[in-house]
Amino acid sequence: MQDICQRIEKAYQLFFKHNKKGVRPPGFRKVIKYKSFTLKQAGYKFLGGNKVKIGNRVYQFWKSREIEGTVKTLTIKRTPLGELFMVVVVDDGSKQEVEVKTGKIAGFDFGLKTFLTCSDGTRIESPQFFKQSLNAIRKASSQHSKKLKGSSNRERARKNLVRRYEDISHRRRDGAWKLAHELTDKFDILCFETLNLKGMQRLWGRKISDLAFGEFLQILEWVAKKKNKLVVFIDQWYPSSKTCSSCGHILEIIDLSVREWRCPSCQSVNGRDENAARNIQMVGASTIGLGDVSRAVPAIAV
Ligand SMILES: [Zn+2]
């Protein structure tokens, strides 16, 4: 009840705020379209082991991870395939103590073609899982649309299509975990620009949803926490592409198509992404109090 009231409240507030832009009030939703519900303080009880009581019934679940700390909320989610997941939010009460050890620091710049450019010059190309599976998806989708509405054949075709999409997200997720481990093995402090997803979408179009920067950062933060490494986010308005990483000169404007530019002040040639990554590294280092890191040093050991 608590969560439902809050959801309705949120929906109405959005409607009141944006109704002039044509946003409609929240409406009735069929149970089949309802994907999740959240229990806050009451309505569930963990019975130990892998049993949980929700309402008056006891359910068994498979535990992918130990539940540590006090449980704050319990959310039940249903995927399009009809699988049920339990998401438990806990408060473990501990604050992360980050000791900045002597180690390597690096800055990273997100890009379209190159997923990540590291300040030491390494590039990680974007895996285009969606593109790879495009044919399979097209086929599954046309099979689905050919089936009679409401038939069990159509339902089977729908599930087949959903599985193709899940395939992509699983592969993407797997790649993100591997990359997160690789980077945290290599560096102790990793600096990123704060994501401005809306702005990126406007700039680059829909393609970024396939690249999933946000998901990667979430995974990276988790891995970094486990390994006692530090992820630093710098201000999203810092002009990382326009600043010369050798002397600090700031250009007036830089077009998106410019891949390389010569600094008018110190004459050094800056590759767009690497230059940005080096700047992000420098700003990141100064925000965590590593002081003024000398310019023109690609990857420095502090
Ligand atoms: Zn310069």
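**View 1. Asparagine 228 is partly exposed, with a relative accessible area of 29%.** Here, buried means under 20% relative accessible area, exposed over 50%, and partly exposed in between, with a 1.4 Å probe and protein chains only. The structure is a predicted model, in which local features need pLDDT of at least 70, side-chain atom pairs count only at pLDDT 80 or more, and totals for chains, interfaces and linings use all residues. Residues are numbered from 1 along each chain as its sequence is written, and side-chain values use heavy atoms, with hydrogens and water left out. Asparagine 228 lies in the loop that runs between helix H7 (213–226) and strand E11 (230–234); helices (H or I, at least four residues) and strands (E, at least two) are DSSP runs numbered from the N terminus. Although asparagine 228 is not a glycine, its phi is positive, at about 65 degrees.

**View 2. Four cysteines provide the protein donors of the zinc ion.** Cys244 (SG), Cys247 (SG), Cys263 (SG) and Cys266 (SG) lie 2.3 Å from the zinc ion; donors are N, O and S atoms within 2.8 Å of the metal (3.2 Å for Na, K and Ca), and water is not among the atoms, so sites may look incomplete. The site is tetrahedral, with angles of 107 to 113 degrees among its 4 donor atoms (four donors count as tetrahedral if all angles lie between 85 and 135 degrees). The sequence spacing of the donor residues is C-x2-C-x15-C-x2-C. Cysteine 244 is buried, at 0% relative accessible area, whereas cysteine 247 is partly exposed, at 34%.

**View 3. Glutamine 267 occupies the loop between strand E12 (260–262) and strand E13 (269–271).** Glutamine 267, which is not a glycine, has a positive phi of about 70 degrees. Its relative accessibility of 43% makes glutamine 267 partly exposed.

Terms used: Tetrahedral: all angles 85-135°; square planar, octahedral: opposite > 155°, others 65-115°.
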